[in-house]
Amino acid sequence: MSDSAPLLVIVDAANVVGSVPDGWWRDRRGAAERLRDRLAADGLPGHAGPVEIVLVVEGAARGVESVPGVRVEAAPGSGDDRMVELVASASGRAVLVVTADRELRRRVRELGAEVAGPRTVRP
């Protein structure tokens, strides 16, 4: 693992937003923007060191823009496939993928990433 690069945190926006039944389905883009803004303000709770946060969006949330502190990646197809690509291209960096999706967790673990559930970034 590269000690000089900050922890890469890849957040599965659809999965994290969908983890709380707060009406997100009425405004998927707005829900993803609220998650992005919370990540930009709070970073990764409980992690003292620097992090690079990537929020992967798909579907109706594809129009969400990046902000300082959070890079937004719009998946051209499957969000899961895009997250796997990001992990695969991390070049030995420490990577944390935030999702509850069992199949995605399995795929990224095979590539050396750590995984955490949505509560890691949701209040």
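**A tour of the core and the pocket**

Start with the largest nonpolar core, which has 23 residues. Select Val11, Leu35, Leu39, Leu55 and Val121: these touch the most other members. Keep in mind that this is a predicted model.

Now colour by element. Strand S1 (7-12), H1, H2, strand S2 (51-57), strand S3 (70-74) and strand S4 (95-98) each give at least two residues to this core. Which element supplies the largest share? That is H2, with four residues.

As background, nonpolar side chains in soluble globular proteins tend to be buried together.

Go back to leucine 55 and show its contacts, leaving out neighbours within four places in sequence. Val11, Leu35 and Leu39 are among them.

Next, the largest pocket. Its volume is about 160 Å³. Select its lining: Ala13, Ala14, Val17, Gly18, Trp24, Arg28, Ala32, Val57, Glu58, Gly59, Ala60 and Ala61. Helix H1 (13-17) and helix H2 (28-42) are the elements that give two or more residues to this lining. Which of the elements gives the largest share? H1 does, with three residues.

Finish by colouring the lining by residue type. How many of its residues are nonpolar, polar and charged? Eight are nonpolar, two are polar and two are charged.

Terms used: Residues are numbered from 1 along each chain as its sequence is written. This is a predicted model: local features need pLDDT of at least 70, side-chain atom pairs count only at pLDDT 80 or more; totals for chains, interfaces and linings use all residues. Side-chain values use heavy atoms; hydrogens and water are left out. On a 1 Å grid over the protein atoms alone, a cavity is a set of points where a 1.4 Å probe fits but cannot get out, and a pocket is an open set with protein on both sides within 12 Å along at least five of seven lines; lining residues have an atom within 4 Å of a point. Grid points are joined across faces, edges and corners, and a volume is the space filled by probe spheres set on the points. Ala, Val, Leu, Ile, Met, Phe, Trp, Tyr, Cys and Pro count as nonpolar, Asp, Glu, Lys and Arg as charged, and the others, Gly among them, as polar. A nonpolar core is a set of buried Ala, Val, Leu, Ile, Met, Phe, Trp, Tyr and Cys residues joined through side-chain atoms within 4.5 Å. Buried means under 20% relative accessible area, exposed over 50%, partly exposed in between (1.4 Å probe, protein chains only). Contact means heavy atoms within 4.5 Å.
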